[in-house]
Amino acid sequence: MTTPKTNGRATSKAAPAAPAVIGPELKQALRTLKLGRMLDTLPDRLSLARQQQLTHVDFLELVLADEVARRENTSAGLRARAAGLDPSMRLDTWEETGAVRYDRQLWNELVSLRFLDGPHGALVLGAVGVGKTHLATALGHIAVRRRRSVHMARADKLFKRLKAARLDNSLDAEIRKLAAVELLIIDDFALKRLDATETTDFYELCVERHQKASTVITSNRDASEWLAMMDDPLLAQSAVDRLTSTCHELVVEGESYRQRQRPRASGGDHA
């Protein structure tokens, strides 16, 4: 590109490129093709194409890659919502500080999701508020983005749902549905005592999923304490033995994660 000259002298710099104008015909064509969201980034992409002198093929690849990423993000968000995952509890929103301690090597292994191919599971154990639910949910989000089937539920709500299924004779169908999920996340397990029906349902889930699918459980109690929290000792022992024999155990220790997220007063010191 030649440099424009004025009175025999080169100008110090070229005038800034005018912003790209997207005509109404192009806008309508994109919307007709259901590519209307492309208009959000198209002016910036056109400017970038001019600055970097992209070929037509490179520019087309760029804007189509944007659209693929947009659609994948939207699809992943919908699947995560359907799976019962909190949208705010992702790996990138985890506050990584020294206030909480856990086996980083094991966590990295879990994040790889290789345990799903075992299939193995994970017990995320620790005191109240240390971030167990956040870590388990983050695993769910990663699995969703890799298009693995996921379902997450708090233990008490899950058992209530199974009890309700008995009333309309849909329990077997509900158990089959839960058994088929590649990653089942049960949050706050054994927070309170399980009655006879809940103990039976937990046993059925463990039997149906044993060595067939992955289960992640968060709990404030060690697995050895679960037996005393269930109504039938024999069913409890059988269920817990199956579960723990195929699960990694991630113990999270330290200060309450929730307390560290408390709002702080802004501004200077006050008397």
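**Entry 1: packing of helix H4.** I looked up what the buried residues of H4 pack against, and found S4, helix H5 (132–145) and S8. Contact here means heavy atoms within 4.5 Å. Helices (H or I, at least four residues) and strands (E, at least two) are DSSP runs, numbered from the N terminus. The model is a predicted one, in which local features need pLDDT of at least 70, side-chain atom pairs count only at pLDDT 80 or more, and totals for chains, interfaces and linings use all residues. Residues are numbered from 1 along each chain as its sequence is written, and side-chain values use heavy atoms, with hydrogens and water left out.

Entry 2: I noted Leu106, Trp107, Leu110 and Val111 of H4 as buried (under 20% relative accessible area; exposed is over 50%, partly exposed in between, with a 1.4 Å probe and protein chains only). They cover an arc of only 140° around the axis, which puts them on the same side of H4; the arc is that of the directions from the helix axis to the C-beta atoms. On the face turned away from the buried side of H4, I found the exposed residues Gln105 and Asn108.

**Entry 3: the ends of H4.** I recorded Asp103 as the cap of the N-terminal end of H4, with a side-chain oxygen 3.0 Å from the backbone nitrogen of Gln105. Just after H4, I read a positive phi of about 65° at Leu113.

**Entry 4: the sheet.** I traced six strands in an open sheet of mixed pairing, in the order S3-S8-S4-S7-S6-S5. Two strands pair if DSSP finds at least two bridges between them. S3 (100–101) and S5 (150–154) stand at the edges with a single partner strand each, so one side of each is left without a neighbour in the sheet.

Technical notes:
A polar contact is a pair of N or O atoms within 3.5 Å; within protein, one must be able to donate a hydrogen and the other to accept it, and residues adjacent in sequence count only if both atoms are side-chain atoms.
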